[in-house]
Amino acid sequence: MAHQHTTADTGDGSGDDRHGLLFIVSAPSGAGKTTLCDAMVVRFPDMIQSVSHTTRHPRQGEVEGVDYFFTDADTFRAGIQAGRWLEWARVHDHYYGTSADFVEEKRRQGTDVLLNIDVQGAKQVFARFPDSIGIFIMPPSMAELKKRLQSRGKDDPGAIERRLAVASQEMALKDHYHHVILNDDLETAIHDLAGIIRRYRRP
Ligand code: 5GP
């Protein structure tokens with residue numbers, strides 16, 4: 001494995017083990033993951049969040065290259081054939097993927113990378129990079145999750161029901177992650193997530 005990294009640098013003699021860490025944050029949609037990840041990039045300005053590629057349409061206010069790279073299914077599938085994705089998944093009927101080149105280049109440069117990806121993608125990354133650090137964010141309850149999805153007004157009722165069904169399947173996989181955070185109170189969750197990330201990072 002080319003990208004092994006030991007958190008405690010014990011000095012294996014190579015002296016150049018400065019690969020960036022790989023943090024994976026997953027959560028059901030509506031659990032506040034995007035807000036939490038954005039807060040981490042502000043707290044740790046030298047860490048970078050990977051911008052995913054997706055075939056879903058932009059939501060109001062989303063910006064190409066900032067929130068996502070928006071693409072079409074043919075281009076995405078060509079990327080699968082070409083091995084362009086570090087991981088990819090179909091979530092809510094759309095493709096989502098992380099650029100392998102982007103993540104590998106950043107890590108090679110010693111930059112820590114944060115991935116905001118779903119459970120299927122996380123599983124692929126854990127298998128490929130056993131040294132990656134997985135953090136799962138739990139919403140306080142299904143009722144609260146439903147309320148959040150409704151109040152953000154981004155999805156119609158059918159889409160909300162589908163997201164809730166997917167959410168319970170995703171929550172069943174939380175034990176595959178190294179850490180689980182409850183996002184009951186946003187400030188507490190930001191504090192908890194920052195604490196975990198800080199623990200792994202080099203001073
Ligand atoms: P949304 O459409 O609400 O932005 O995201 C839906 C889900 O797709 C979220 O769980 C999000 O974490 C996940 N997702 C976003 N980008 C990626 C990606 O590159 N790979 C995978 N596997 N999931 C992603």
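Which residues form one aromatic cluster? They are Phe76, Trp85, Trp88 and Tyr95. This is a predicted model, in which local features need pLDDT of at least 70, side-chain atom pairs count only at pLDDT 80 or more, and totals for chains, interfaces and linings use all residues. Residues are numbered from 1 along each chain as its sequence is written, and side-chain values use heavy atoms, with hydrogens and water left out.

Across the whole structure, the search finds nine aromatic pairs; rings of Phe, Tyr and Trp (its six-membered ring) pair if their centres lie within 6.5 Å. Tyr95 also has the charged end of Arg90 over its ring, 4.7 Å from the centre. A charge sits over a ring if NZ of Lys or CZ of Arg is within 6 Å of the ring centre and within 35 degrees of the ring normal. The charged end of Arg107 sits over the ring of Phe129, 5.4 Å from its centre.

Arg107 brings us to helix H3, residues 100-108; helices are DSSP runs of H or I with at least four residues, strands runs of E with at least two, numbered from the N terminus. Its buried residues (under 20% relative accessible area, 1.4 Å probe, protein chains only) are Ala100, Val103, Glu104 and Arg107. They cover an arc of only 95° around the axis, which puts them on the same side of H3; the arc is taken from the directions from the helix axis to the C-beta atoms. Just after H3, Gly110 takes a positive phi of about 90°.

Methods. Phe/Tyr/Trp six-rings, centres within 6.5 Å; stacked < 30°, edge-to-face > 60°. Buried < 20%, exposed > 50% of the residue type's maximum accessible area, 1.4 Å probe, protein only.
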